[in-house]
Amino acid sequence: MKNKERVESQISKLEEKYKNSGQDLSSYLDGLLYQRYLTYWDYIHLDTLLSLQVPRTHFPDEEIFIMYHQITELYFKLILHEQKQLVDDKSQDIKFFIDKVNRINSYYKALISSFGIMIKGMEREQFLQYRMALLPASGFQSAQYRMIEIYATPMENLVHYSKRDNFSSEDSIETLYENIYWKNGATDKETGEKTLTLKQFEYRYTPRLIRIAKQVKDGTIYHKYRQLSDENQNNKELIKALKTLDVNANVNWPLMHMGSAHRYLGKEAGDLDATGGTNWKKFLPPSFQKIVFFPEIYSKQELNDWGKQWVDHIFNPEKR
């Protein structure tokens with residue numbers, strides 16, 4: 001009898017759900033009868049997913065290179081999924097805030113630990129040959145990663161370190177965007193002109209990035225943190241989670257790219273350029289950019305030393 005009552009209750013709830021749809025419940029039940037069973041491969045579009053790796057050369061390791069970057073973009077999408085929930089949240093629930101930041105950190109942890117695939121998982125000789133078929137494409141052109149930064153912190157915190165003191169939240173989004181730090185990483189080392197990589201990226205994504213920056217102005221994750229009560233802003237668990245996020249995004253992730261760049265582009269007689277012509281030795285080191293999402297939670301000394309020990313680890317092996 002209990003099961004019958006449960007079914008009747010469910011039918012009543014379904015009738016309520018669908019009463020304003022223009023069709024009665026029996027029509028939806030007919031559709032359920034005709035619908036075929038769901039399979040795993042249909043649900044995740046497995047055949048489509050496995051068809052998205054299209055190498056430009058015959059080198060076997062290029063497929064590894066493609067798949068790794070596709071996986072990375074999916075993790076970026078997961079990070080953005082959590083960030084958007086934080087930005088949209090109006091509850092100021094400290095547990096919700098901590099849970100979301102910890103989820104983001106778990107995605108970064110997976111990304112950072114997986115970078116060994118890029119550093120040790122391909123033959124250097126193959127990479128140096130097939131990379132020439134990829135010009136001028138570059139991981140620099142990941143729009144999702146730029147979105148992650150824009151959702152995380154105010155645009156003035158993303159201005160290049162050498163110019164940051166000249167700008168504030170009073171400046172327009174367009175002005176701040178023109179001086180954003182990562183543009184310095186895609187300029188020709190000899191002429192100072194924008195690389196084709198940067199020109200392509202700006203043409204495709206500048207309107208979208210500026211639109212997002214305007215949408216989250218005064219509403220980034222940084223702002224959400226600053227809107228919490230004093231007690232919650234000083235919550236030790238939250239501070240730890242935010243610091244971990246800062247280090248993951250702005251130190252450890254660039255560091256992994258540094259390791260990969262040294263593995264494949266470094267050489268005894270000098271250094272090779274990245275595929276997009278980006279100046280990776282000037283762009284990737286965390287201490288050269290000093291990007292910090294939540295600067296208020298650090299001491300002045302911590303900010304001055306931001307990323308320095310990791311750069312010493314890469315460039316000065318004798319200090320290890």
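The lining of the second largest pocket divides into four nonpolar, three polar and four charged residues (Ala, Val, Leu, Ile, Met, Phe, Trp, Tyr, Cys and Pro count as nonpolar, Asp, Glu, Lys and Arg as charged, the others, Gly among them, as polar). Those residues are N157, Y161, S162, R164, D165, K290, V292, P295, K300, L303 and N304. A pocket here is an open set of points on a 1 Å grid over the protein atoms alone, with protein on both sides within 12 Å along at least five of seven lines, and lining residues have an atom within 4 Å of a point. Its volume is about 320 Å³, taken as the space filled by probe spheres set on the points, which are joined across faces, edges and corners.

Bear in mind that this is a predicted model, where local features need pLDDT of at least 70, side-chain atom pairs count only at pLDDT 80 or more, and totals for chains, interfaces and linings use all residues. Numbering runs from 1 along each chain as its sequence is written, and side-chain values use heavy atoms, with hydrogens and water left out.

Zooming out, the protein chain has 18 helices and two strands (DSSP runs numbered from the N terminus: H or I of at least four residues, E of at least two). Of its 320 residues, 44% are buried, meaning under 20% relative accessible area with a 1.4 Å probe, protein chains only.

Now look at helix α11, residues 196-215. There's a kink of about 55° at Y205, shortly before the proline P207; the bend is the angle between axes fitted to the seven residues ending there and the seven starting there. Among the buried residues of α11 are F201, Y205 and L209. The buried residues pack against α9 (143-152) and α10 (173-178), with contact meaning heavy atoms within 4.5 Å.

Key: Expected span 1.5 Å × (residues − 1). Buried < 20%, exposed > 50% of the residue type's maximum accessible area, 1.4 Å probe, protein only. 1 Å grid on protein atoms, 1.4 Å probe; cavity = no way out; pocket = protein on both sides within 12 Å on 5 of 7 lines; lining within 4 Å.
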